[in-house]
Amino acid sequence: MNPVAGIGGRVGLKGSDGLAALQKALELGAEPESGKKALVALKVLKNVEHLFEIYTCAGDMGVNVCGLADLSYRLIDIGALQGTAQDTILAAQKLRNMGADLIMFAGGDGTARDIMDGIGTDIPVLGIPTGCKIHSGVYGVNPRMAGMLAQQYIQGKIRDTKEAEVMDIDEELFRQGIVQARLYGYLRLPNEHTLVQNLKSGKSHSEAVSLDLLSDYIADSWEEDTLYIVGTGSTTAAIMDKLGLSNTLLGIDLVYGKRVIASDCTENEILEIMEGYEKKKIIVTVIGGQGYIFGRGNQQISAEIIRRVGKENVIVAATKDKMLSLLWKPLYVDTGDDETNRYLEGYLKVIVGNGEMVMARVTA
């Protein structure tokens with residue numbers, strides 16, 4: 001487990017790679033989230049613990065969360081933990097050399113790269129999504145589904161494996177609002193498509209007209225007496241552009257009266273500011289190819305914020321191409337809070353054009 005994966009999400013750092021980012025996150029009051037999410041996955045395995053043995057690393061790299069899940073484990077020695085990528089690489093190599101059947105790891109794209117550097121496609125792996133950036137296709141849809149997939153693999157219900165993409169995101173550019181992604185390589189994982197998230201897809205040229213129409217529609221129906229919590233992505237950026245407002249492409253902005261009152265906000269900043277406004281709405285888009293509306297790249301809009309605003313005040317906008325790329329699969333929420341995830345389940349309208357909507361099912 002990468003114990004600091006995702007720690008920068010709620011405080012708007014858009015990642016936690018590097019000691020400087022970690023220090024900044026802690027200064028902003030961020031708390032580790034990775035262990036809580038990994039625990040959700042491991043609890044699923046409790047009822048089949050007689051079928052497998054866990055080998056894991058000391059402290060926050062595995063032992064602590066295994067203890068919380070009440071799972072027996074055997075400790076592997078990789079020397080003194082330094083809190084660096086090398087710890088992950090050494091742990092993966094040690095597990096491979098010991099003959100492990102499956103490596104479960106908790107983290108984001110950076111952790112997946114480290115696992116790949118350590119073992120390549122030698123043995124199957126399965127990622128528990130706990131990071132800020134999760135563009136790679138090697139993770140469960142959410143921590144619980146990662147646990148379910150591991151359970152099925154342990155029970156022998158799934159034995160085929162497939163190769164899936166590991167993406168390399170330049171985190172320094174990402175923090176500046178520039179997404180520069182490249183294919184880093186591949187990992188091998190259990191071959192089951194409903195419990196594993198897809199690779200994040202890029203924008204197609206044909207989306208431009210649909211994006212122009214839906215951003216026109218939302219800009220024209222904008223309510224000046226409402227506080228808008230504007231999520232990340234190029235779709236929301238297009239809406240802000242129609243309003244003539246500056247935008248933080250990969251951050252959360254607050255708009256009231258067609259004026260940006262706060263930019264690139266942390267979770268705590270949003271909670272503090274929104275208390276002064278009676279009417280509030282959240283605008284988010286759908287991650288192409290994956291279908292997430294909460295929990296991927298917009299962790300600043302936390303479960304608490306969502307519940308205070310109310311799901312009836314959540315606006316989802318996505319181009320027709322983006323919705324079609326999902327092949328009518330459900331939209332996903334992964335807020336880190338099971339109760340809020342269940343609260344968001346059901347059907348909602350997704351704005352796809354000028355007055356055009358589709359009904360989409362939301363699932364946790």
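Residues are numbered from 1 along each chain as its sequence is written, and side-chain values use heavy atoms, leaving out hydrogens and water. Because the model is predicted, local features need pLDDT of at least 70 and side-chain atom pairs count only at pLDDT 80 or more, while totals for chains, interfaces and linings use all residues.

**View 1. The whole protein, to get your bearings.** The chain holds 13 helices and 15 strands (DSSP runs numbered from the N terminus: H or I of at least four residues for helices, E of at least two for strands). Of its 364 residues, 54% are buried (under 20% relative accessible area, 1.4 Å probe, protein chains only).

**View 2. Leu95 and its neighbours.** Here we look at Leu95, part of helix 4 (residues 85-97). With a relative accessible area of 14%, Leu95 is buried. Leaving aside residues up to four places away in sequence, Leu95 touches Tyr55, Ile76, Ala100 and Ile103 (heavy atoms within 4.5 Å). Thr56 is 39 residues from Leu95 along the chain, yet their C-alpha atoms are separated by 8.5 Å.

**View 3. Helix 4 meets helix 5.** The axes of helix 4 and helix 5 (residues 109-119) come within 8 Å and cross at roughly 45° (lines fitted to C-alpha atoms over the stretch in contact, with angles from 0 to 180 degrees between N-to-C directions). Residues making the contact include Ile89 and Ala92 of helix 4, and Ile115 and Gly118 of helix 5.

Terms used:
Buried < 20%, exposed > 50% of the residue type's maximum accessible area, 1.4 Å probe, protein only.
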